[in-house]
Amino acid sequence: MNYKLSSSLVGLVMMASAVAVDFSDYPWKAPGPDDLRSPCPGLNTLANHGFLPRDGRNISVPMIVDAGFKAYNVQSDVLILAGKIGMLTSNEAQSITLDDLKLHGTIEHDASLSREDFALGDNLHFNETVFSTLANSNPGSDYYNVTSAGQVQHARLADSIQRNPNVTNTNLQSVVRGGESGFYLSVMGDPIRGVAPKRFVQIFFREERLPIEEGWERSSVPINITSLGVLVDQITEIAEWQPSGDNCPSIVLSPNV
């Protein structure tokens, strides 16, 4: 797989890898009834801690880049790409709301780790039954790794194929799903080895909270396209991914399409 971005795209935002973040300045707060959230626990966590606007509105690509770097040490090459794709879900020229990202077929996808398929129900909110596949993986161990992540990917896709006659499963969705698995292993654990404590990952998904009180620390290693790409390749190989139906990648380019 080719994870390279053009130098002009990466050059939009330049950051140093080392930064001192005082997490006491970003306390966790549960979203209120009028606050918007997305299908992505990573972005929701950023909003719940105030790295992104807590109301989930008027969010730009530079804001996502800044928030993801500060909280997770994820680099701009990852965040600019994700942010620019996410912008396709909004009718606004330069911003999104978090719940815009639930638009099916852009960045949201079937066989999620924690959300139901769009054709089967609620693709926005956390679903414990769906998440149980990940939560119960790698039994007898206190960590998740690339092997368990690949096995979970395989199981989640098999479930979607069985229950969802409209499942979308092309190479594009495979890369996105693999990226999400590599992401939780990286930001909640070791981005080089692809190992993350279960307790951290489960808090991240279930509570959409940084498990600081439990001992989590921001990665000292920059998380970038290269490090994520290595994990994605390993996870995808273990998942034994095969396309379902037409493997022609497609993406919804706007809410009006």
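## Polar contacts and the basis of the model

A polar contact is a pair of N or O atoms within 3.5 Å; within protein, one atom must be able to donate a hydrogen and the other to accept it, and residues adjacent in sequence count only if both atoms are side-chain atoms. Such a pair involves H49, where a polar side-chain atom lies 2.9 Å from the backbone nitrogen of L210.

The model is predicted, with local features requiring pLDDT of at least 70 and side-chain atom pairs pLDDT 80 or more, while totals for chains, interfaces and linings use all residues. Residues are numbered from 1 along each chain as its sequence is written, and side-chain values use heavy atoms, with hydrogens and water left out.

H49 is located in the loop between helix 2 (41-48) and helix 3 (61-72); helices (H or I, at least four residues) are DSSP runs numbered from the N terminus. Its relative accessible area is 3%, so H49 is buried (buried means under 20% relative accessible area, exposed over 50%, partly exposed in between, with a 1.4 Å probe and protein chains only).

Leaving aside residues up to four places away in sequence, H49 touches Y26, P27, W28, R54, R209 and L210, where contact means heavy atoms within 4.5 Å.

## Surroundings of N164

N164 occupies the loop between helix 6 (146-163) and helix 7 (171-187). With 1% relative accessibility, N164 counts as buried. The side chain of N164 makes a polar contact with the side chain of D117, at 3.0 Å.

Residues up to four places away in sequence being excluded, N164 touches D110, D117, A119 and L120. P62 is 102 residues from N164 along the chain, and the C-alpha atoms of the two are separated by 36 Å.

## Helix packing

Two packed helices are described by the angle between their axes and the distance between the axes. Axes are lines fitted to C-alpha atoms, for helices over the stretch in contact, and angles run from 0 to 180 degrees between N-to-C directions. Helix 5 (residues 128-135) and helix 8 (residues 198-206) pack at about 165 degrees, with axes 11 Å apart. Helix 5 is therefore roughly antiparallel to helix 8 (angles under 35 degrees count as roughly parallel, over 145 as roughly antiparallel, 65 to 115 as roughly perpendicular and the rest as oblique). The contact is formed by E128, F131, L134 and A135 of helix 5 with V201, Q202, F205 and R206 of helix 8. By class, this contact of helix 5 with helix 8 has 5 nonpolar, 1 polar and 2 charged residues; Ala, Val, Leu, Ile, Met, Phe, Trp, Tyr, Cys and Pro count as nonpolar, Asp, Glu, Lys and Arg as charged, and the others, Gly among them, as polar.

The axes of helix 3 and helix 4 (residues 76-86) come within 9 Å and cross at roughly 140 degrees. Helix 3 and helix 4 are therefore oblique to each other. V61, I64, V65, G68 and F69 of helix 3 meet S76, L79, I80, G83 and K84 of helix 4. The contact of helix 3 with helix 4 has, by class, 6 nonpolar, 3 polar and 1 charged residues.

## Positive phi values

N58, a residue other than glycine, has a positive phi near 55 degrees. N58 is in the loop between helix 2 and helix 3 and, at 57% relative accessibility, counts as exposed.

E208 is not a glycine either, yet its phi is positive, about 50 degrees. E208 lies in the loop between helix 8 and helix 9 (225-239). At 11% relative accessibility, E208 counts as buried.

Conventions
Helix = DSSP H or I, 4+ residues; strand = E, 2+ residues; numbered from the N terminus.
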